Amino acid sequence: MKNGVGTIDFKVCGLKAKYFFPFFLIVMLSTYGGFLPTVKIYSNDAGTYMAVSFIGTVAFLMAVGGIFFWLGNTIPIVNNYLGGACLLPLFGASLMNYLGLIPETLQNGAKVLMKGGFQDMYIAMLLIGSVLVMNRKVLLGATARYLPAIIGSQVFALGTRLIGGSLTSFGAVEGLFHVGAPCMSGGSAGAMTTLPALYSAISGEDMTGLAGQFLCYASIANVLAVLLAATGSAVTAKIPGMNGGSNILISQNAETVREEEKRPGTSSDYARLGGGIFLSLCIYLLGDILGKLPVTGHIAGLAWAIIIAIIVKCSGIIPDEVSDNCVYSMNFALKALLPMLIAGIGICSLNITDLTKFFSPAVFLVILLGVLGAFIGAMLFGRLAGLYPYEAGVTAGLCCCNIGGSGDIAVLTAANRMNLLAFASISTRIGGALMVVWIGLLYPLFH
């Protein structure tokens, strides 16, 4: 990224190089000199262990994630076609962990931070804000037209996985159910728990041991989805009518666009930022409550949070001047927290050893065809339903082919479409559940 002739525009954590690197050295000295503050964690499963406190963990993730994020945005080709801003923090942090460059206490600190709800807080701010920032008419129109894109995506994905299995040593049935299906079963939880339990119940054999293998396949699909999102953005931007430039609804008129552009992206009143964070977390909590009640518990809490946010926006129960606070919290999450979040995901959720253990050219072909099928199917059916093909392909297609919430963030970051997180979350939850239904119906027919 150039700034003038022969100069590089370096800015990480909002700091230029001459300010950033002295503080970066402090983080590295603390990390590798054994000075990071630690706390004792008590766990029923793992017993007692030491973990770096939030101060050290957050500082390390911000420093390392910020560097990788900047490199991914700066390196030619990698930045525009390979989703570098997302892939480099993801793989860079994971590779550091694999090479033993992250002390065990810091690994534990990252796990405590990520598993302890930081990722959920990020998703809450991003998700609620992405709904409340939308125009009411656009939100209603896009939601009504979105389900056909999901169904079309899944039909194409099932077909291409059958073809992929037929072209490889797996065979059509094995390729579909044991390689392709884990990639669209609702994220890592679906791949590790839902599918093995479903197959065990249908076949009468214990298939829970396939959890690690299925998670590996979902992780490979996640990487391919990120790459397709990045390359697709650059390619479709050159084709008229294929790319909505972050707008998902084709009929969104110029007046609506101008109305959304008038809304400021931030506010000098930091109390409004705090209000946006509070409102986002409360809507998330209300969704979580509904997801645990006997009558409403068959729908996941995150899905309820989306529904509540849509009701709030479309009904006008909360005035725009109040709900706009969530836009500020969304932008805060995007601009300040994203690099460290992706680095944390790389340390805690991406295991390079597992990726190589189950990887083979045949596996790659089946998964690639499945992800391509999901992408193309969503684009075609989305266009027929009145959605921009690329936006529909990314959200209804590629966001069905990842490891869940963190995968949605990775794909949308690569696509530069984070404002569409609500639709991506619908794909992951509802689309994942629908795919499990498809597999449950088809499995007995092929066995």
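Leaving aside neighbours within four places in sequence, Leu398 is in contact (heavy atoms within 4.5 Å) with Ala225, Leu228, Ala229, Val371, Phe375, Gly393 and Val411. The model is predicted, with local features needing pLDDT of at least 70 and side-chain atom pairs counted only at pLDDT 80 or more, whereas totals for chains, interfaces and linings use all residues. Residues are numbered from 1 along each chain as its sequence is written, and side-chain values use heavy atoms, with hydrogens and water left out.

Leu398 is also one of the residues that touch the most other members of the largest nonpolar core, together with Phe60, Tyr122, Tyr199, Ile367 and Ile439. This core holds 129 residues. A nonpolar core is a set of buried Ala, Val, Leu, Ile, Met, Phe, Trp, Tyr and Cys residues joined through side-chain atoms within 4.5 Å, buried being under 20% relative accessible area with a 1.4 Å probe, protein chains only.

Helix 11 (residues 270–290) packs against helix 12 (residues 301–315) at an angle of about 125°, the axes lying 7 Å apart.

The axes of helix 5 (residues 104–132) and helix 11 cross at roughly 100° and come within 9 Å, so helix 5 is roughly perpendicular to helix 11. Asp120, Met121, Ala124, Met125 and Ile128 of helix 5 make the contact with Ile277, Ser280, Leu281, Ile283 and Tyr284 of helix 11.

Terms used. Axes are lines fitted to C-alpha atoms, for helices over the stretch in contact, and angles run from 0 to 180 degrees between N-to-C directions. Helices (H or I, at least four residues) and strands (E, at least two) are DSSP runs, numbered from the N terminus. Angles under 35 degrees count as roughly parallel, over 145 as roughly antiparallel, 65 to 115 as roughly perpendicular and the rest as oblique. Buried means under 20% relative accessible area, exposed over 50%, partly exposed in between (1.4 Å probe, protein chains only).
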